[in-house]
Structure formats: structure tokens, C-alpha cells
Amino acid sequence: MSTEQSLIATLLAKDEIRELVLLYSRGVDRKDIALLRSLYTSDATDHHGPAFSGTADEYIQFLERSLPHIHVSGHFVCNHLISVDGDRGEGEVYALAYHIIPDSKGGMVEDLCCVRYVDRYRRENGRWRFSARDVSFDMRSVRPVAKPEGAAPSWTDDPSVTVLSSRLFARGARA
């Protein structure tokens with residue numbers, strides 16, 4: 001492989017990995033469990049700070065139990081450094097995570113986190129996936145918030161799903 005071909009392959013891999021990270025954010029925020037399952041390698045692990053540590057399958061089960069209780073969620077990717085070596089890669093993602101969740105007293109709280117995802121990636125079955133995620137919370141602020149008016153957003157009626165026709169925006173697992 002020429003130097004130019006190697007550079008192009010690395011740039012393509014980095015772009016696919018960036019999309020993987022964005023799809024994770026979309027999966028959590030749109031409560032799309034099938035999508036989230038498709039983003040991890042078969043042997044992946046996820047260590048999400050003090051809240052969770054285990055296999056990716058266990059993490060998805062944790063999310064499946066947790067996500068229905070979240071009124072609104074927004075994950076916003078900021079900086080993302082990626083290193084690629086063949087079919088393996090690693091990266092550090094800075095993100096802001098915003099949630100409105102129930103408290104233990106019948107009210108709601110606003111949960112804002114400055115998050116860093118320290119990731120290992122691997123190409124499996126032709127797609128880049130997470131092989132390990134270690135999440136640290138550099139800052140977290142939890143404070144009471146007025147209960148939002150109306151029901152939580154319905155992800156099945158979300159305009160990005162109902163209006164956009166590209167497979168990228170469809171709900172469910174990626175091949």
C-alpha cells in the first residue's frame with residue numbers, strides 16, 4: 001500500500017469511528033436499544049464510572065432498564081482524538097451529557113455532566129465498533145428542575161426518523 005493509500009485508509013477509518021461515536025449518542029438520546037447493541041464488538045466491555053461496569057451486553061441491559069425513566073437526554077460530542085492502527089484504534093471523546101430525570105422524591109432533576117470517553121475500537125465484520133469504553137466524569141451537576149410540561153418526546157415520531165429517508169437516520173441496528 002502506498003503512503004497516499006495508507007493515509008486515505010486512515011482518514012476513512014477515522015471518519016467511520018467518528019460516526020460510531022455519534023451513533024452512540026443518537027442511540028442513547030433516541031432510546032434506540034437495537035442501534036446501541038450493534039455498536040459494540042461481541043466481546044466488548046463498558047465502564048461507565050460508578051454507575052456501571054461490565055460487558056457491553058450487560059450495559060445495554062442496564063440502559064434498557066434506565067432509558068424509559070429519562071424524560072429527555074442530549075449527548076453533545078465536542079473534541080475527539082483518534083489513533084488508528086490497522087483494524088484497531090483508540091480515542092478520547094470529550095462530551096457534554098444533559099438529562100432530565102426523576103429524583104427519589106417525585107420531582108425531577110437536571111443532570112449535566114462533562115464526560116470523557118476513553119475508547120478502544122476494533123473493526124469487526126467490516127464495521128468499526130467499540131471494543132472497550134472507559135467513561136470518566138470530569139464534572140457533574142445535579143440540581144432540581146421544574147417538571148417539564150407534557151410527555152417526554154416520542155422517539156417513534158421523531159422528525160429525524162419520519163422525515164429523513166437515509167438509512168443512517170432509521171431506527172434499529174446497523175449491519
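Let me start with two residues in helix H3: Tyr59 and Phe62 both sit there, three residues apart, about one turn of the helix. This is a predicted model, so please keep that in mind throughout.

Six strands make up an open sheet, in the order S2-S1-S6-S5-S4-S3, and the pairing is mixed. The edge strands are S2, residues 52-55, and S3, residues 72-85, and each of these pairs on one side only. From one strand to the next, the twist averages 15 degrees.

Now some of the pairings. S1, residues 40-48, runs parallel to S6, and five bridges join them. As an example from that pair, His47 stands opposite Asp134 in S6. S5 and S6 run antiparallel, joined by 17 bridges. Two places to look there: Leu112 is opposite Ser141 in S6, and Glu110 has Arg143 in S6 as its bridge partner.

S5 and S6 also form a hairpin, with two residues between them. Asn125 is in that turn, and its phi is positive, about 55 degrees. Asn125 is not a glycine. For background, most residues other than glycine have a negative phi. Is Asn125 buried or exposed? Its relative accessible area is 71%, so Asn125 is exposed.

There is another residue of this kind. Lys31 has a positive phi of about 55 degrees and is not a glycine either. Lys31 is found in the loop between helix H1, residues 3-29, and helix H2, residues 33-37. Lys31 has a relative accessible area of 19%, and the cut-off for buried is under 20%, so Lys31 counts as buried.

Next, the helices against the sheet. H1 has 27 residues, and at 1.5 Å a residue H1 should span 39 Å. The buried residues of H1 include Ala13, Ile17, Leu20, Leu23 and Tyr24. Arg26 and Asp29 are also among the buried residues of H1. Helix H3, residues 56-66, lies across S1 and S2, running at about 130 degrees to S2.

In general, nonpolar side chains tend to be buried together in soluble globular proteins. Here the largest nonpolar core has 32 residues. Which of them touch the most other members? They are Tyr24, Leu36, Leu39, Tyr40, Leu63, Tyr121 and Phe130. At least two residues of this core come from each of H1, H2, S1, H3, S3, S4, S5 and S6. H1 gives the most, with seven residues.

Take Leu39 as one example. Leaving aside residues up to four places away in sequence, Leu39 touches Leu20, Leu23, Tyr24, Arg129 and Phe130. Tyr24 and Phe130 come up again when we turn to the rings.

So, the aromatic rings. A pair of rings is described by the distance of the centres and the angle of the planes. How many aromatic pairs does the structure hold? It holds seven. One of them is Tyr24 with Phe130, an edge-to-face pair at 6.1 Å centre to centre, with 85 degrees between the planes. This pair links distant parts of the chain, since Tyr24 is in helix H1 and Phe130 is in strand S6, 106 residues apart. Both Tyr24 and Phe130 are buried.

Back to the residues I opened with. The ring centres of Tyr59 and Phe62 are 6.2 Å apart and the planes are at 25 degrees, so this pair is stacked. Tyr59 is buried, with a relative accessible area of 2%. Phe62, at 24% relative accessibility, counts as partly exposed.

Last item: a cluster. Ring pairs link Tyr24, Tyr40, Tyr117, Tyr121 and Phe130. In the structure above, Tyr24 in helix H1 and Phe130 in strand S6 are a place to start looking.

How values were computed. Residues numbered from 1 in each chain as written. Predicted model: local features only at pLDDT ≥ 70, side-chain atom pairs only at ≥ 80, totals over all residues. Heavy atoms only, no water. Helix = DSSP H or I, 4+ residues; strand = E, 2+ residues; numbered from the N terminus. Buried < 20%, exposed > 50% of the residue type's maximum accessible area, 1.4 Å probe, protein only. Expected span 1.5 Å × (residues − 1). Pairing = 2+ DSSP bridges. Axes fitted to C-alpha atoms, helices over the stretch in contact; angles between N-to-C directions. Contact = heavy atoms within 4.5 Å. Core = buried A, V, L, I, M, F, W, Y, C linked by side-chain atoms within 4.5 Å. Phe/Tyr/Trp six-rings, centres within 6.5 Å; stacked < 30°, edge-to-face > 60°.
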